[in-house]
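Thank you for making time for this.

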Amino acid sequence: MNSEYLTVSEITRELKGVINPNFRHVFVRGELSNAKLWRSGHFYFTLKDENSQIKSVMFSASSRLKFKPKDGMKVLIEGKIEVYDKNGYYQLYVSKISEDGVGELYRAYEQLKKKLSKEGLFDENHKKKIPNFPKKIGVVTAANGAAIRDIITTIERRWPLCEVILFPSLVQGQLAAYQIADQIKKSENYDLDTLIVGRGGGSIEDLWCFNEEIVARAIYDCTTPVISAVGHEIDFTIADFVADLRAPTPTAAAELAVPPFKEIKAAINQLNSRSYRAIDNIFKVNKQKFDYIVNKNLFKNPLEMYQPKEIILDNLINRLEISSKSLIKENMNKLKFIKNTYVLKNPDNLIDKYHDKYLMQINKLELLNPLHTLKRGYSLARSEGKIISSADDLKSGEELEVEFKDGSVNTKVI
Amino acid sequence: MQKDDLTFEDNLKELEEIVEKLENGDVPLDDAIEEFSKAMELVKACDDKLKDANETIAKIVDENGEIIDFNIE
């Protein structure tokens, strides 16, 4: 019946089945038209040549595009072609896009970049710091180009304390790379603080000298810190990777090379007023501390410190007076008492008493006096001065002295 | 590197350090006065340097390596 009729969906699906697997990976060359980079980042355009055109889309293109797409631009595209069911279009989905005509150069660039990167020419730890306050800046660029003008006027505007020395060189064409490398080497003899190497914007072919190995090595070997200043904003040149600092334009390079005069002046002024404010504050704080101490009671009423002590002292004096008086009185009483004793009142009594005792003793002694015995008719015999009290003490013939009350005689024992 | 410019940079750096120290406040008064006078000297030194600013001198190195004046056309 009608079974040979397919629905739109069915035919579309069949088309999809034929087209999609066969165009999964295509390389297409063409010209851009109706190019529109949406804010979403997706890039929609029509790729065309003299006779045909194909709708194309690149999703999340803005981060991946290495050039600014413009209508009429010849491009090389890598991607796939798929059928879009909803409106029956087939569309080119782009995974890679590059400018046509630079393919060879681009490959060379990628190769060199890989090689130098491996060698360590791009290493961060080889990169030198750009001086903050340079006095002499060298510039390797064309003497008649916009680049040197931009650099000089920028430096003059920002930091006129700096001298600019131009090392003129071709910046495009066959000889440019050699001259640039030579001038970089030569600049080392001029005691520079910073060296800017670059040129204003141009086509990728024009800028090619900054992708040459000889320039890369000269920048790497240069002992002066180098700022690259190749006028292009989308892509990097090899020189940008090797340089100690990359600037997107010569003007930007000059801005990076010198400090902003006005800001530095303002900063100094600010430091000046900050100094005043700080010292003022320190004075205030010290004054407060001083006032605090001065206002303490001790300083306000120094007597207050002494008053309690004075009271204690008075008290002590008082007590001392009282106790000393009573002590004196007590002792006076004792003295008075002693003075009033009988003995002291009647000293004669005492003497009389002792005199009587004395006489009594004398009488006693009188009684014992041997002379009294002699007076009563007794005699005393002595031999050689010793009193003889026993007959056994005597031998016959021994002389004796016999004492009487009225004298003595010498006798002999028979 | 040029000695003069190191001095300018060093002066500026020292000035910043002193100001920060003073702002920190924890400095004995005598020291603070001394630091402050030092700061004033540094401000003057930096200012003097900036007063030197004239037109940027532009030179060009010729084929013989001589430095000659360079005027932007």
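Predicted model: local features only at pLDDT ≥ 70, side-chain atom pairs only at ≥ 80, totals over all residues.

A:Ser396 sits in the loop that runs between strand E12 (386–387) and strand E13 (399–404) of chain A. If we set aside residues up to four places away in sequence, A:Ser396 touches A:Val413 and A:Ile414. For a sense of scale, A:Ser396 and A:Thr224 are separated by 172 residues in sequence, and their C-alpha atoms lie 156 Å apart in space.

Which residues touch the most other members of the largest nonpolar core? They are A:Trp159, A:Ile196 and B:Phe8, in a core that holds 46 residues. There is also a second, separate core of 35 residues, and A:Phe210, A:Ile219, A:Val242 and B:Val61 are among its members.

I would like to stay with A:Trp159 for a moment. Leaving aside neighbours within four places in sequence, its contacts in chain A include A:Phe133, A:Pro134, A:Val258 and A:Phe261, while in chain B this tryptophan is in contact with B:Phe8, B:Leu50 and B:Thr56. Ring pairs also tie A:Trp159 into a cluster with A:Phe133, A:Phe261 and B:Phe8.

Over all chains, the count of aromatic pairs comes to 12. In one pair, A:Tyr276 and B:Phe36, the ring centres are 5.1 Å apart and the planes meet at 75°, so the arrangement is edge-to-face. Because A:Tyr276 belongs to helix H8 (residues 261–294) of chain A and B:Phe36 to helix H2 (residues 29–51) of chain B, this pair joins two chains. By the cut-offs I gave, A:Tyr276 is partly exposed, with a relative accessible area of 45%, whereas B:Phe36, at 15%, is buried.

Finally, a word on the second largest pocket, which has about 190 Å³ of space. Its lining draws on chain A, with A:Lys135, A:Pro160 and A:Glu163 among the residues, and on chain B, including B:Lys49, B:Asp52 and B:Ile57. How many of the lining residues are nonpolar, polar and charged? The division is 5 nonpolar, 1 polar and 5 charged.

Definitions and conventions:
Residues numbered from 1 in each chain as written. Chains lettered and ligands numbered in written order. Heavy atoms only, no water. 1 Å grid on protein atoms, 1.4 Å probe; cavity = no way out; pocket = protein on both sides within 12 Å on 5 of 7 lines; lining within 4 Å. Points joined across faces, edges and corners; volume = space filled by probe spheres on them. Nonpolar A, V, L, I, M, F, W, Y, C, P; charged D, E, K, R; others polar. Core = buried A, V, L, I, M, F, W, Y, C linked by side-chain atoms within 4.5 Å. Buried < 20%, exposed > 50% of the residue type's maximum accessible area, 1.4 Å probe, protein only. Contact = heavy atoms within 4.5 Å. Phe/Tyr/Trp six-rings, centres within 6.5 Å; stacked < 30°, edge-to-face > 60°. Helix = DSSP H or I, 4+ residues; strand = E, 2+ residues; numbered from the N terminus.
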